[in-house]
Amino acid sequence: MKKIILSFFISIILAGLIFIALSASAQDLKIAEQNGKYGFVDKKGRFVIKPTFESLSDFHDGLAAALQGKWGFINKKGEFVIQPQYDKIADFQEGLAYVVYETEQRVGQYESLITSYIAYINKHGKIIIPFYEGGPYFYSFSDGLVAIQEGDAIYCSYKDKKGKIILDKDYFEKTGWKNTTDAVCHNFSEGLLPVYKYTDETYKTRLSAFMNKKGEIVYSKKFVIPDEVEPLCDFDTFSQGMATFRVNWKYGFIDKNFKEVIPPIYDFAYEFKDGLSLVEKDEKWFYIDKRGNFIKNKD
């Protein structure tokens, strides 16, 4: 019995080591081109997936998007596990990816109308959210939800990974909270969604806020915009407990307590990654930490 148990645990350990090795190997793979075709090479520059594809993306969740006439997904052996059949696809995020079919209709001698139909599939190719007529942009899952933009809708709905509507676009239209900027939907991150509304007819008084997944406003701030300034006063999504906010084209950061921890002094600022944010000031790019301290210049 002891031998059986010992063998069992050894098998588990070996399986874990193999999994780690495969994961490391996949992370080390890089896309490379040869004679106009693409494949993956290892650290030594050797092709481990032959360059037979018209285009590739990096591996996400163990699969990579690959173009061979149409788009599909390949595994780490270079085999199609989801056959090339789509006009557009996205990398897998949180176990799901969007896929797109397009139809073209002539509307004149020199013009045509392209309509996109979008669905979400799992890693087995099973459709989780059925096809619908998409809007101008498509979105990947973030924080367990995905923005659904249909046709020319100026508001977006949000669905979970089972395709259930969590927040409907009609709710945003009814309450007046906008969840898009220039027709681009905002995404949930760390449980919160940035939204805004104007409170006067001159569009100079603006409430910028964060909404939770129940549709409740958990924080809001009023901005009064000078007449000579284009109205851009709002919050962005959270990343590593920090979110950018913009006041009249200057960027700063707030924390999860909605406290201003870095004042809006930057000409541009990216979200935090690995504890650092890349910012621009006076045409110079450099990295800062979560206290606003200079760390290093951009390479």
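Predicted model: local features only at pLDDT ≥ 70, side-chain atom pairs only at ≥ 80, totals over all residues.

Biologist: How many helices and strands does the chain have, and what makes a run count as one?

Modeller: There are two helices and 27 strands. They are DSSP runs numbered from the N terminus, with at least four residues of H or I for a helix and at least two of E for a strand.

Biologist: How do you know that β9 and β10 pair?

Modeller: Two strands pair if DSSP finds at least two bridges between them. Ten bridges join β9 (residues 97-106) to β10 (residues 112-121), therefore they count as paired, and they run antiparallel.

Biologist: Why is Cys156 with Cys185 called a disulfide?

Modeller: The label needs a pair of cysteine sulfur atoms within 2.5 Å. Here the sulfur atoms are 1.8 Å apart, so Cys156 and Cys185 qualify. They link distant parts of the chain: Cys156 is in the loop between β12 (146-148) and β13 (157-159), Cys185 is in β16 (residues 184-185), and they sit 29 residues apart. The structure holds one disulfide.

Biologist: Why is the disulfide of Cys156 and Cys185 left-handed?

Modeller: Because the torsion about its S-S bond is about -55°.

Biologist: Are those two cysteines buried or exposed, and how do you know?

Modeller: Buried means under 20% relative accessible area, exposed over 50%, partly exposed in between (1.4 Å probe, protein chains only). Cys156 is at 0%, so Cys156 is buried. Cys185 is at 5%, so Cys185 is buried as well. Across the chain of 299 residues, 40% count as buried.

Biologist: Where is Gln149, and what does its side chain reach?

Modeller: Gln149 lies in the loop between β12 and β13. At 2% relative accessibility, Gln149 counts as buried. Its side chain reaches the backbone oxygen of Ala183 at 2.8 Å.

Biologist: What makes the link between the side chains of Gln149 and Tyr139 a polar contact?

Modeller: The term means a pair of N or O atoms within 3.5 Å; within protein, one must be able to donate a hydrogen and the other to accept it, and residues adjacent in sequence count only if both atoms are side-chain atoms. The link between Gln149 and Tyr139 is 3.0 Å, so it passes the distance cut-off. Using plain contact (heavy atoms within 4.5 Å), and leaving aside neighbours within four places in sequence, the partners of Gln149 include Tyr132, Pro136, Cys156 and Cys185.

Biologist: What makes a set of residues a nonpolar core, and which residues have the most contacts inside the largest?

Modeller: The members are buried Ala, Val, Leu, Ile, Met, Phe, Trp, Tyr and Cys residues joined through side-chain atoms within 4.5 Å. The largest such core has 28 residues, with Tyr120, Tyr158 and Phe172 having the most contacts inside it. β9, β10, β11, β12, β17 (193-198) and β18 (205-211) each supply at least two residues of this core.

Biologist: Why are β17 and β19 at the edges of their sheet?

Modeller: The open sheet has three strands in the order β17-β18-β19, with antiparallel pairing. β17 and β19 (217-224) each have a single partner strand, so one side of each is left without a neighbour in the sheet. Seven bridges join β18 and β19, and Ala209 stands opposite Ser220 in β19.

Notes: Residues numbered from 1 in each chain as written. Heavy atoms only, no water.
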